[in-house]
Amino acid sequence: MELRYKSTRSDAAPISASQAILKGLADDGGLFVPETIPALDVELGALSKLTYKETAYEVMKLFLTDFTREELMSCIDGAYDGTFDAEEIVPLVKKDGAYYMELFHGRTIAFKDMALSILPYLMTTAARKNGVTNEIVILTATSGDTGKAALAGFADVPGTSIIVFYPKNGVSPIQEKQMVTQKGKNTHVVGIKGNFDDAQTGVKAMFHSQALAGEMNQAGYQFSSANSINIGRLVPQIVYYVYAYGCLLRQGEISCGEKINVVVPTGNFGNILAAFYAKNMGLPIETLYCASNENKVLFDFFQTGTYDRKREFILTSSPSMDILISSNLERLIYRIAGEDAGKTRELMEALAAGGEYRITDEMRARLNDFCGGFATEEETRAAIRNMYERAGYVMDTHTAVASHVYYDQAQKTGRKTVIASTASPYKFTRSVMNALGEDEDGVSDLELADRLEKLSGVGIPNAIEEIRTAEVLHDTVCDRTEMEKTVREILGLPV
Ligand SMILES: *Cc1c(COP(=O)(O)O)cnc(C)c1O
């Protein structure tokens, strides 16, 4: 049975998985969602015997039904190979009674690698299947981690090029250095004078422009998206929740069928939505804890039923979660609206026009799988410090937000809890060392990395070693109103 994908904003005819991956966003501005969420067809008990790649196949085959077995296996093999520095791909480590699912062992040491190392394979396979001859231009806005992971994934992939926009003053020095030193003839990195939401809004506007699409097509290009709105990102993210459940079984930590909690440090709502899909596939998850930093728009939403982005944008020590418009929430809204595209459209238009929307009581009642939580900057620092003192384990700032929410809420349920550990502490060295009282003025981030190595006993990852000597290859900065102009210049279209 073919699983097709429909838009959250209209009842336009559904399309195949490969077409949805190529398009990224629906023509009506909506996001693609599967017509139904398929049920896992492996026995829960059998999960304990599967490797990461085997789990990936079992999950992805159910969603990407127009890919052949050979195609899918070759995508999975290509992605989860030697570029991960942990043999098990996603280690699950028990610290102080909770299970940290380390999603940061890929090329760019953040969880975005989990999906972005496979997306280029899925995208080029999808292009081949659909007879696409245009060059695929990946256009992406990043709050820091997506950009580098997408650049690393797409660099020198034939038939593609990639343009990444990031907030010039809104990412960590290491994140910026990672991006601007990216090699590959087909890679472009642009800083904008604005925040992540400005970057994301600018990118969405280009995706929606029929005029630009027409000109691009004439010149032999078409856009696609590597942002977490692409179904080709969402589906690979479901895999690790299923895999973690298998690990818990294998390690004898849970009995078969036992329900677990998950805590996910959340920004654009992609990672936690994948956990929600895993739950709907039949994975025994009780509660999904959505952990926010001080930009706690999602916490307030779960608390009140009103999504209100009209507030000050706060730059925190967990910049990949500094987001006021969580794009993937639209997929959840659609679902709790009873798959009502008209209602979803109305709410999303209200958000775009007035900066807020309110869901109905009926919709709110369907949110009970979720629980919101947040950590202040001080609580985040304390979480890092406390964990180091208790277990000698050093967490990054994003993981620390989730860890705080674990102690604050999930731990009290007595259920086994998996915490999505989304970045290596080496990616946010200064903030991490600051929390540990080891930060000093005048010491560079890379020197701090050396100190972190001594303190944590965990070797410096290759991703950090690389940038010590790497040359800056990208230095374009533009105004947030000039994003389209910049894209036109890069592609050689009339300005
Ligand atoms: C992107 C990111 C997040 C947020 O994930 P979403 O899927 O956007 O909710 C959290 N932590 C890190 C380190 C990230 O890179």
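**View 1. The crossing of helices α3 and α5 in the predicted model****.** Helix α3 passes helix α5 in a right-handed crossing, and the structure shown here and in the other views is a predicted model. The axes of α3, which spans residues 69-79, and of α5, which spans residues 119-129, come within 9 Å and cross at roughly 150°. Because angles over 145 degrees count as roughly antiparallel, α3 is described as roughly antiparallel to α5. On the α3 side the contact is made by Glu71, Leu72, Cys75, Gly78 and Ala79, and on the α5 side by Tyr121, Leu122, Thr125 and Lys129.

**View 2. The hairpin of strands β3 and β4****.** Strand β3, covering residues 92-95, pairs with strand β4, covering residues 98-102, in the antiparallel sense and over four bridges. Lys95 has Ala98 of β4 as its bridge partner. Two residues lie between the strands of this hairpin, in which Asp96 takes a positive phi near 50°.

**View 3. The largest nonpolar core and the surroundings of Tyr241****.** This core has 115 residues, and those with the most contacts inside it are Phe63, Leu64 and Tyr241. Helix α10, formed by residues 231-250, gives the most to this core, contributing 14 residues. When residues up to four places away in sequence are not counted, Tyr241 touches Met101, Val262, Val264, Asn271, Ala274, Ala275, Ala278, Leu283 and Ala420.

Note on methods: Residues are numbered from 1 along each chain as its sequence is written. This is a predicted model: local features need pLDDT of at least 70, side-chain atom pairs count only at pLDDT 80 or more; totals for chains, interfaces and linings use all residues. Side-chain values use heavy atoms; hydrogens and water are left out. Two strands pair if DSSP finds at least two bridges between them. A nonpolar core is a set of buried Ala, Val, Leu, Ile, Met, Phe, Trp, Tyr and Cys residues joined through side-chain atoms within 4.5 Å. Buried means under 20% relative accessible area, exposed over 50%, partly exposed in between (1.4 Å probe, protein chains only). Contact means heavy atoms within 4.5 Å. Axes are lines fitted to C-alpha atoms, for helices over the stretch in contact, and angles run from 0 to 180 degrees between N-to-C directions. Angles under 35 degrees count as roughly parallel, over 145 as roughly antiparallel, 65 to 115 as roughly perpendicular and the rest as oblique. A crossing is left-handed if the near helix is turned anticlockwise from the far one by less than a right angle, and right-handed if clockwise.
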